[in-house]
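Trainee: I have a new structure open on my screen and would like to learn how to read it. Could you take me through some features?

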Amino acid sequence: MKDLKLTGALAGAIDFHLAHSVGKTADTASMTDWRLALSRAVRDRLIAPWFDATHRTYAMDRKRVYYLSMEFLLGRILEDAVNNLGLEDEAKEALAQYGVNYCDVVNDEPDAALGNGGLGRLAACFLDSLSCLGIPAYGYGIRYAHGLFRQSFEDGRQMEMAEDWLRHQHNWEFERSECLYDIGFGGEVAETGRRAVWSPSDIVMAQAYDTPVPGWRARWTNTLRLWSAKPKKIFDLDPFNRGDFMQAAAPEVLAETISRVLYPDDSTGIGKELRLKQEFFFTSASLQDLMRRFLAHNGDLRALPSKVAIQMNDTHPAIAGPELIRQLMDVHGLDFAAAFEIAQGTLHYTNHTLLPEALEAWDVSLMSTILPRHMQLIERIDDRLARDVKASRKRATPRIVADGSVNMGTLAFTCARKVNGVSALHTDLMKQTVFSDLHGVYPDRILNQTNGVTPRRWVHGCNPGLRNLLNSEIGTGWVNDLEQLERLVPLAEDKDFRGRFMAVKQANKQRLAEWVAENTGLKISPDAMFDIQIKRIHEYKRQLMNALETAALANAIRRNPDANWTPRVKLFGGKAAPAYLDAKNIIWLINDIARKVNNDPVIGDRLKVVYPPNYNVSMAEILIPAADLSEQISTAGKEASGTGNMKFALNGAATIGTLDGANVEIRDHVGDENIFIFGMTAAEVQAAHDGYVTQDYIDQSAVLGEVIDQIRSGFYSEGDPTRHWPVLEKLLRDDYFMVAADFDAYWDAQRRVDASFAHKDAWARMAVLNTAHSGWFSSDRTIQGYADDIWGVSSLLGEDK
């Protein structure tokens, strides 16, 4: 091997990094070693465009976007970077010279454990699109050592273990040991004349780690800057010398706790304190960092809104309002009115939920203890809001501080220049529900920016068969101009093209079937309909309704096994928050239903249920291209948008769903005949809450009633008849998300799906049209909307330096 004559620049770079970065020879290298060497070789190709983008931004003195998010669900980075740089063939050939398989190398990479669900995946798509469009931007978040958690199942129950994605060197990041900011907590505030001096009792440091984020073909590359918590005092030698080794290490352990885990359990007081500290930690570090960058080239703080656009992704960074005001007042000497005006001109807020309990609220006592200076400023912001309410002459009564709580959604709204929803329906409902009072006071503040997904990862990367088919039929321009997919519409009438399209789908299903067999031991047929619901487990997303329909379908098959059933594989994926017991109970029920169904000889291959553990981006990249049916069945009016629905449609899956979130816009684009809509509308859901009785709907539905009786009797929990009673008790006591009310409509829609799937040619046409009409759902379109309507920024691609 040492005498091998390598050909190609990438092969030479791999050889160099294997020796000089990893410290291995080709004959001793493990798969991880090859992956680290290839990652370094590919990363080298990003450096020049990364530097060039930075230099061009400074030279042209243009406005930058700063995207603050608690999550960035990146997935694997290596394959995405290879695809963006157009290096796939060269990488395969280079590794083949060593007898190493490229797919094995990229599959060795762990998913970056920096997110949980749609919020983090949206942030990752937005970073990709910002780079593809050539818009100068930073993403800011936390470098979680252990992410959310690694999910496993024990007798069907969710178990949580720490993620270990940083066990090996993370080759995509650059440690910035010189980039450190003090982050204070607690302490006291003293008034000195017209200025306040905050003296924190505890200080940790935020250290930056930078990851380059390339756009398509690396024509522009932006930065994801993540913060890791470090102790101000690394090690306390005195207790160590006394033999108190734990106390000696305490400063480091306590500081690093802040960046250890995403969304720590906040059911306890100490958990709430940690969550608030996390949010302030990354927000303050990010604001200090962008202010340093701004002041290095601008002397007038009043120019900040013309050079900086900050986007708060949900309420987690809502403390940015008072923190930016604090920096402008306490550090730079501005008065409150000037500081507020500058902050509001700079800040923007994206709302992602209509559930009041998800908007975040912190006890005034906790806020006052952890961030005493910020509590003072929040009260001043609240007073300003009260004056605006009075001046508007509206009957509105919105307050940031109310009933002993600081309402972070109201704070974010008040401090933002623009507030956006993420689908047309969601934005309308924001005006009517959670922010109706604020909308009355500030009628021009709310606008819509419907979410989107990046086609680079969600077709070009994860579905190479479809990528190659599209390239051969409509060229390659669709990758960064997704609405070119409309050129497929005439091809939906071409029988030959439909056949080739479905051959790609069948190959993806075969790949998934092999993956399921390898990872779960269950054999599923790729000829069956693959019916998939993958998302975080939450009652409003109604995985429970899907599980109940699965059990009902199993009952129907048992009664008449010789009927002409459409074979179906139900696939679930998703994690429940560790403290969310109701969601964890639903997971347990799904797994028990799967065990019963999959071992029933009467049902056989007519129905299978699969729930692989530890759903993440890499799993989604296998599941989504193989889907025939996309489950988007949330209670109408509860899902802000969704992006999984877009990914499935883009890859040729039909949607079964309610008129919720972006489902409405998907229906508008693909057509009523190419989607399966069921259930109550948002208005009907709202009206049905009055006098709602779950048992009334169960009594009206023999299909649902049978399943409820089975669960109650222990049919799905042999030897433990009361195991799933908590699920039933919650459903009967508080079916807030109306599973029972929509069940029969869902059952009927699924039977329409069965009938449609049986007509293979018509189904193929529907699949083609779902892909053809999904081009509007590109995150490039979404980001262009933010750039034009919210941030006031433009692309620097093609402009002279």
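Trainee: Let me start with Phe281. Which residues does Phe281 touch?

Mentor: Leaving aside residues up to four places away in sequence, Phe281 touches Ile142, Ile183, Val204, Met205, Ala206, Trp227, Ser228, Ala229 and Ile258. Please keep in mind that this is a predicted model. Phe281 is also among the residues with the most contacts inside the largest nonpolar core, which has 200 residues. Others on that list include Ile14, Trp34 and Trp791.

Trainee: How many residues does the second, separate core have?

Mentor: That core has 57 residues, and Trp478, Ala492, Leu623 and Phe777 are among them.

Trainee: Trp227 came up as a contact of Phe281. Which aromatic cluster does Trp227 belong to?

Mentor: Trp227 forms one aromatic cluster with Tyr66, Tyr138, Tyr140 and Tyr181. Trp227 is also named among the residues with the most contacts in the largest nonpolar core.

Trainee: How should I describe two aromatic rings that pair up?

Mentor: The general idea is to give the distance of the centres and the angle of the planes. In this model the count comes to 28 aromatic pairs. Take Phe413 and Phe435: their ring centres are 5.1 Å apart and their planes stand at 50°, so this pair is tilted.

Trainee: Where in the chain do Phe413 and Phe435 lie?

Mentor: Phe413 is in helix H15 (residues 408-415), while Phe435 is in the loop between helix H16 (424-432) and helix H17 (436-441). The two are 22 residues apart, and the pair links distant parts of the chain. Both Phe413 and Phe435 are buried.

Now look at another tilted pair, Phe497 and Phe501, with 6.2 Å centre to centre and 45° between the planes.

Trainee: Why are Phe497 and Phe501 separated by about one helical turn?

Mentor: Because they are four residues apart in helix H20 (residues 495-520).

Trainee: And are Phe497 and Phe501 buried or exposed?

Mentor: For this you need a cut-off: buried means under 20% relative accessible area. Phe497 has 0%, so it is buried. Phe501 counts as buried because its relative accessibility is 3%.

Trainee: What lies over the face of Phe530?

Mentor: That is Lys509, at 4.9 Å from the ring centre. You can find a second case at Phe715, where Lys596 lies over the ring face at 4.4 Å from the centre.

Trainee: Let me turn to strands. In which sense do E11 and E15 pair, parallel or antiparallel?

Mentor: To read a pairing, look at the sense of the strands and then at which residues are partners. Strand E11 (residues 347-350) and strand E15 (residues 418-421) pair in the parallel sense, over three bridges.

Trainee: What joins the side chains of Arg568 and Gln750?

Mentor: A polar contact of 2.8 Å joins them. Arg568 lies in strand E18 (residues 568-573), and it counts as buried because its relative accessibility is 0%. Beyond residues up to four places away in sequence, its contacts include Asp531, Arg606, Lys608 and Asp754.

Trainee: My last topic is backbone angles. Where is Asp155, and what is its phi?

Mentor: Asp155 is in the loop between strand E3 (150-154) and strand E4 (157-161). Its phi is near 55°, a positive value in a residue other than glycine. Asp155 counts as exposed, because its relative accessibility is 69%. Asn614 also has a positive phi, of about 65°, although it is not a glycine. Asn614 lies in the loop between strand E19 (607-610) and helix H23 (617-623). With a relative accessible area of 11%, Asn614 is buried.

How values were computed:
Residues numbered from 1 in each chain as written. Predicted model: local features only at pLDDT ≥ 70, side-chain atom pairs only at ≥ 80, totals over all residues. Heavy atoms only, no water. Pairing = 2+ DSSP bridges. Buried < 20%, exposed > 50% of the residue type's maximum accessible area, 1.4 Å probe, protein only. Polar contact = N/O pair within 3.5 Å; in protein donor to acceptor, adjacent residues only side chain to side chain. Contact = heavy atoms within 4.5 Å. Phe/Tyr/Trp six-rings, centres within 6.5 Å; stacked < 30°, edge-to-face > 60°. Lys NZ or Arg CZ within 6 Å of the ring centre and 35° of its normal. Core = buried A, V, L, I, M, F, W, Y, C linked by side-chain atoms within 4.5 Å.
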